[in-house]
Amino acid sequence: ENLPQVTTEEFQKDKLLIDGSTAVYTGTMRTRSDQGEIFSFAFCDIYEFRGQKVCQITSYMADFNTQS
């Protein structure tokens with residue numbers, strides 16, 4: 001299955017929090033699909049490090065789009 005092509009319209013970095021071997025990065029994003037649909041969402045990515053390398057990434061997304 002082909003994934004739809006999207007263009008980033010807006011990208012807002014919110015917070016970067018670091019504690020020991022864990023970093024948390026949050027923000028919001030708005031994209032436009034190749035059919036012209038706009039999608040808005042917030043994200044939270046959690047990075048776990050082992051030394052200088054990322055050993056695990058956990059990502060969450062909150063969809064801000066409404067269905068009519």
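1. Strand 1 and strand 2 form a hairpin, with 2 residues between them. In the turn, G20 has a positive phi of about 65 degrees. Strands here are DSSP runs (E, at least two residues), numbered from the N terminus. Strand 1 covers residues 6-19, and strand 2 covers residues 22-33. The two run antiparallel and are joined by 12 bridges. Two strands count as paired if DSSP finds at least two bridges between them.

2. Basis of the values. This is a predicted model: local features need pLDDT of at least 70, side-chain atom pairs count only at pLDDT 80 or more, and totals for chains, interfaces and linings use all residues. Residues are numbered from 1 along each chain as its sequence is written, and side-chain values use heavy atoms, with hydrogens and water left out.

3. The 4 strands form an open sheet in the order 1-2-3-4, with antiparallel pairing. Strand 1 and strand 4 (53-63) stand at the edges. Each has a single partner strand, so one side of each is left without a neighbour in the sheet. The twist averages 20 degrees from one strand to the next. For that angle, axes are lines fitted to C-alpha atoms (for helices, over the stretch in contact), and angles run from 0 to 180 degrees between N-to-C directions.

4. The pairing of strand 2 with strand 3 is antiparallel, over 11 bridges. A23 stands opposite Y47 in strand 3.

5. Buried means under 20%, exposed over 50%, and partly exposed in between (1.4 Å probe, protein chains only). T31 touches V6, T7, T8, E9, E37, I38, F39 and F41, not counting residues up to four places away in sequence. Contact means heavy atoms within 4.5 Å. T7, in strand 1, is partly exposed at 48%. T7 and M29 are 22 residues apart in sequence and 11 Å apart in space, C-alpha to C-alpha.

6. Aromatic pairs. The structure holds 2 aromatic pairs. In one of them, the ring centres of F11 and F43 are 5.7 Å apart and the planes lie at 15 degrees, so the pair is stacked. It links distant parts of the chain: F11 is in strand 1 and F43 in strand 3 (residues 38-50), 32 residues apart. Rings of Phe, Tyr and Trp (its six-membered ring) pair if their centres lie within 6.5 Å; planes under 30 degrees apart count as stacked, over 60 as edge-to-face and the rest as tilted. F11 is partly exposed at 41%, whereas F43 is buried at 11%. F11, Y25 and F43 form one aromatic cluster. F11 also has M29 as its bridge partner in strand 2.

7. Salt bridges. How many salt bridges does the structure hold? There are 2. A salt bridge is a side-chain nitrogen of Lys or Arg within 4 Å of a carboxyl oxygen of Asp or Glu. The side chains of E9 and R32 meet at 3.2 Å, N to O. That pair links E9 in strand 1 with R32 in strand 2, 23 residues apart. E10 forms a salt bridge with R30, the closest N and O atoms being 3.7 Å apart. E10 is in strand 1 and R30 in strand 2, 20 residues apart. Side chains of opposite charge can pair when their charged atoms come close.

8. E9 is partly exposed at 35%, and R32 is partly exposed at 34%. E10 is partly exposed at 39%, and R30 is partly exposed at 31%.

9. Cysteines. The structure holds 0 disulfides. C44 is in no disulfide; its nearest cysteine sulfur, that of C55, is 16 Å away. A disulfide is a pair of cysteine sulfur atoms within 2.5 Å. C55 is partly exposed, with a relative accessible area of 40%.
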